[in-house]
Amino acid sequence: MDFLRPASWEEALAAKAEHPTAVPIAGGTDVMVEINFDHRRPEYLLDLNRIGELSEWEVGQESVRLGASVPYSSIMEHLRAELPGLALASHTVASPQIRNRGGVGGNLGTASPAGDAHPALLAADCEVEAESVRGTRLIPIDAFYTGVKRNALEPDELIRAVHIRKADGPQQYSKVGTRNAMVIAVCAFGIALHPETRTVRTGIGSAAPTPIRAKEAEEFLNAALEEGGFWENGKIITPAIAQQFAALASGACNPIDDVRGTARYRRHAVGIMARRTLGWTWEQYRGVGRTLEGAA
Amino acid sequence: MRVNFTVNGRQQEADDVWEGESLLYVLRERMGLPGSKNACEQGECGSCTVRLDGVPVCACLVAAGQVEGREVVTVEGLADYAKHREDAHPGGGCASGACGTTLDAAKRWQSRPTDGQTGEAVELAPIQQAFIDAGAVQCGFCTPGLLVAADELLENTPSPSDQDIREALSGNLCRCTGYEKILDAVRLAAARQGEAAQS
Amino acid sequence: MTTRPEATTRPEATTRPAATTPKAQNTPSGTPTKITQGSPTKGGIGESTLRPDGTLKVTGEFAYSSDMWHEDMLWGQTLRSTVAHAEIVSIDTSEALATSGVYAVMTYDDLPAAMKNYGLEIQDTPVLAHGKVRHHGEPVAIVAADHPETARRAAAKIRIEYRELPLITDEASATAPDAVLVHEGRDDHHIGHVPHPNIVHRQPIIRGDADEAAKRADVIVTGEYTFGMQDQAFLGPESGLAVPSEDGGVELYVATQWLHSDLGQIAPVLGLPEDKVRMTLSGVGGAFGGREDISMQIHACLLALRTGKPVKIVYNRFESFFGHVHRHPAKLHYEHGATKDGKLTHMKCRIVLDGGAYASASPAVVGNASSLSVGPYKIEDVDIEAVALYTNNPPCGAMRGFGAVQACFAYEAQMDKLAAKLDMDPVEFRQLNAMEQGTLLPTGQVCDSPAPVAELLRRVKARPLPPEQEWLTAGAAGTSVDVRALPGGLSNTTHGEGVVRGVGYAVGLKNVGFSEGFDDYSTARVRMEVINGEPVATVHTAMAEVGQGGVTVHAQIARTELGVNQVTIHPADTRVGSAGSTSASRQTYVTGGAVKNSCEAVREKVLELGRTKFGTYHPAWATAELLLEGGKVVTDGGEVLADLADVLEDEAIDIELEWRHRPTEAFDLRTGQGNGHVQYSFAAHRAVVEVDTELGLVKVIELACAQDVGKALNPLSVLGQIQGGTLQGMGVAVMEEIIVDPKTAKVRNPSFTDYLLPTILDTPTIPVDVLELADEHAPYGLRGIGEAPTLSSTPAVLAAIRNATGLELNRTPVRPEHLTST
């Protein structure tokens, strides 16, 4: 095993080009578990900790350019207004110690369907800034997840940042686990209202081979909200609409049975979370929502 | 590979480090600092919690090579760390320093253990003393990590609510105590810190 | 890309800078030292004195077994089976042996002695697999190398060819007519009375006539209950250091619950007499039953003796799940009857415990499950049977509560069902049938010390309920929600939607000490001498301090009995007689009793010495009852006769004695009759839960406990035991379970990622109400306390969840899919 310690982003790209099998390590919260438990012996570890810019973020007009290694704890603390869904998701990540180390780049690189950030990223809408010595490209999040723990990165590419649309409306995030903290998602659901475009976007975690959006549910809801004039009149969404939205979200799942839960339960829980988070965001949109303590 | 970093204020050098070694392994097996504990080595128990450049992290999930040039504080250095903080920012963790007090004033509020080790008196950080006094230590394997995490909580949140304490310590498993005495210990340390600040 | 030759890529041996290595070349660092503790108060029994090892534990200096380090030491690695049941066709270790940095590779064929098995009661467990493996994760080969990574890589190069065998995974497959035998040719002392060789032990208890009594019942309830496999999950992984000594023996530093039990199993397979295996207790990171069995002890010694170098073995968490036995999963069938005025008429039950591939403590667990299956209730007519199976599942054995836990889960569910059927309050129904002092138990044993079962229930019930909806917090901006107080916690799953509160009660019955005629003794060596003008007592026992606070209590006892301030606790080792196991809630009773007894003997010697020296100066030396207090000899009237320093001068009094509690009897193998237990202990819980009924997530709000402790020797430690035991019971109610794939008998979740322990955010407040009703048979009237709270906690939580949801819930742990029928 070799440990590569690039001092700059350019050096990192060069190292990755020279050693495409090199495993990037930043927070270490996935990679080190695999090494400690002898599940993985990469030929090269590519340490990204020395590249300071990866832990920085810029808030722009339309979006936040979030460095790949910005720790979840910073997202919770500093980006609640701009990225409320991701901030909520960040708060559900493992433990305080892990949130101090892990960042969105790791979730995206691993592309596990259970990664906590994915549903929030899908719902908010974002682009992944991937770069290699060959150049930079922005991969839309909808095209990023390509299979179970597979993503659209080329072997010589590294994730530099994520460009996440700034919230233009309420966002929510829920995750089911069988413990009240420090738990991997049995399943998770993210929702973002986008009043500017009068659309709703969603994200589902741990209930399909990849993180997914509940597209039919979104389309149904977009149409229903438009048809009922809800965006203008700010009325309470009717239970029938919420139910149908929940059913379609549930239907979008393609889960498996595993030690963490049954497929049936995951479908069921995603439906419940979809209904509840829609209710919470809509209440916030209407301006009557309760504040949340202890949740980002 | 060779790794140079600062541990508890002292420059350290580890030679012949295998690239797959964690910071935890280097501390425990190469530096003779086994206080950080190896309960799960997967970031799910917090028993190896150390401060890395001031931030609590699981030492088992930091690759040894990643700490090059950085500062680590372990439970072995916690008393010194707390003392320096107290000297530099009197008031024990009041971020603004406005509620400051002297180290001596803070010390007056440390109850002496009813029992003490023989030999030289050991100077403890307030959180360490509180863990002993409150009965928060049983087997003690989770204790070092909890102390580092709880000390950081009190540094940033001098008067935490019970839910704040629970959240801050939610990454540290304890199998012996049922956590009640650990809560007591953090409350006790916070109260002593608060009393010290007022005196 | 060039691959570099292995010689340069393998990790270098781990060395330490000179400054950190111990001075003496052959002394490992981390060797336990004596701890001397004084006290500003009397520091005797009944006071909450603080732990003597507390300072070492908060500074990180306390050396656990995994912290041991020796110059030039090697690292041991175990290769474990990847299948559950298979013949070993071949093992090829040549490539592993040829690996640079590897010092030894050993398999069954390398074992040095005729004895190649070990076991707590039945020596059925091979040190290394011989010809076949019987469970997933069974040790097959061991490696020693100069870096743990080198040892791992070498172990991975050992080639094993398996031919898989049919799996025995449950009672049906174990006792089928053509069932493969997990152990062929059994010759242990249970084989004569078990109905099938795949049953380790069977214990029936028959008293009265349950069928006849059933005719008097107005209501009868039955239930089939399932208890999942719980892990002790002590935080300090199995570990230790073996150092070969010049006389051909070995020094072993290890974390265990019983040094002498280990010794008796280790020495024979090493081919050494016991005096050549010198064991010292290292720091123990929790135990809970999981360290009663041998784990890495023998392997480390074998490698050390083979290589002539110190060998350290440390399991990681993954291996730890295979490195120790678990709590027996169980299927329990119960039938209870009651008259319409609420009196229990009879009970029938059948308890099937899955012992897994090796016997471990299964026979004793069967005895407990059977004899405690009635719970703390008066029932005259019973028909009870408990069995433990041999299967190819992970071996199961001791865990806190030991057979009584599984039964309590089932009989307490039955009590609630009966109360509901009779339309009675569940607490009143229990109180109506509660046993008390003088009750005749199904074994024919009379409970001859206080049994305040009804009172414990009354106390938990009388406690005010915690406020409703504590997640709602009023603030300046109106009401807000603190998700940390809700089911789902930080995961933000509900803001109150679907949340329903439930309340449930349970009470349990546990034995204290080793039962069924076992010679359950302990040994204490107590020394008194004057150091620097002050009398100091030294207590030396082989008691395993696993966190429970035995060392604290020993110092308190010595102060109480010997009137000294300074007490030195000698490290536990095998240079003193056996202390028995730190388990079965027995250690304060038995080793505490031994320390008290030896102190009394020392005191007598001191007084004898005093009489010889000073008897002529004061008549009270001959006539009065004399005590040692405050470093002086005093009369019971408080008159000071002499300073201990003057009595002792430069003489040391040093006495080692064994101490026994009153004997017990074996249970009759047909009827289960016999005075099998030493003492009983009781705890009651009230659980308050909030259940998100839509998502099936549970938040336990409060787990109130009332327990009779006889005498609280150290009240602070008592609370710690009760709260800790309570939380372990809660864990197996809502999250903790080792999941074994029934198709492969493989463990599916051997990690802390998927075997979940409660975090502090899952933990309720645990108010404790302590009763002190002395047991006149026990030292100071104390009652063993460690296990009882683990019994009633689980069924109380289940009862509360049933109360909230209306669901039947016949299995534990409860998972979200059970609460949502998904």
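This is a predicted model: local features need pLDDT of at least 70, side-chain atom pairs count only at pLDDT 80 or more; totals for chains, interfaces and linings use all residues.
The domain assignment divides chain C into domain 1 (74-165 + 247-284 + 291-316), domain 2 (171-232 + 326-407), domain 3 (437-514 + 676-819) and domain 4 (521-660). Taken over C-alpha atoms, the centres of domain 1 and domain 3 of chain C are separated by 38 Å. These two domains do touch: five residues of domain 1 of chain C are in contact with four residues of domain 3 of chain C. On the domain 1 side of that contact, one residue is nonpolar, four are polar and none is charged.

One residue of chain C can be followed in detail. Val102(C) is placed in strand S4 of chain C, which covers residues 102-106. Is Val102(C) buried or exposed? Val102(C) has 24 other C-beta atoms within 10 Å, and because 20 or more are enough for the term, Val102(C) is buried. Beyond its neighbours within four places in sequence, Val102(C) is in contact with Ala96(C), Leu97(C), Val143(C), Ala145(C), Thr150(C) and Ala154(C). Ala558(C) lies 456 residues from Val102(C) along the chain, and 49 Å separate the C-alpha atoms of the two.

The other contact to look at joins two chains. Chain B puts 26 residues into it and chain A puts 25 residues. On the side of chain B that touches chain A, the elements giving two or more residues are strand S4 (55-58) and helix H6 (162-168) of chain B. S4(B) gives the most, with four residues. By type, this side of chain B consists of ten nonpolar, eleven polar and five charged residues.

Definitions and conventions: Residues are numbered from 1 along each chain as its sequence is written. Chains are lettered from A and ligands numbered from 1 in the order in which they are written. Domain bounds come from an automatic or database domain assignment. Two residues are in contact if their C-beta atoms, placed from the backbone, lie within 7 Å. Ala, Val, Leu, Ile, Met, Phe, Trp, Tyr, Cys and Pro count as nonpolar, Asp, Glu, Lys and Arg as charged, and the others, Gly among them, as polar. A residue is buried if 20 or more other C-beta atoms lie within 10 Å of its own, exposed if 12 or fewer, and partly exposed in between; C-beta atoms are placed from the backbone.
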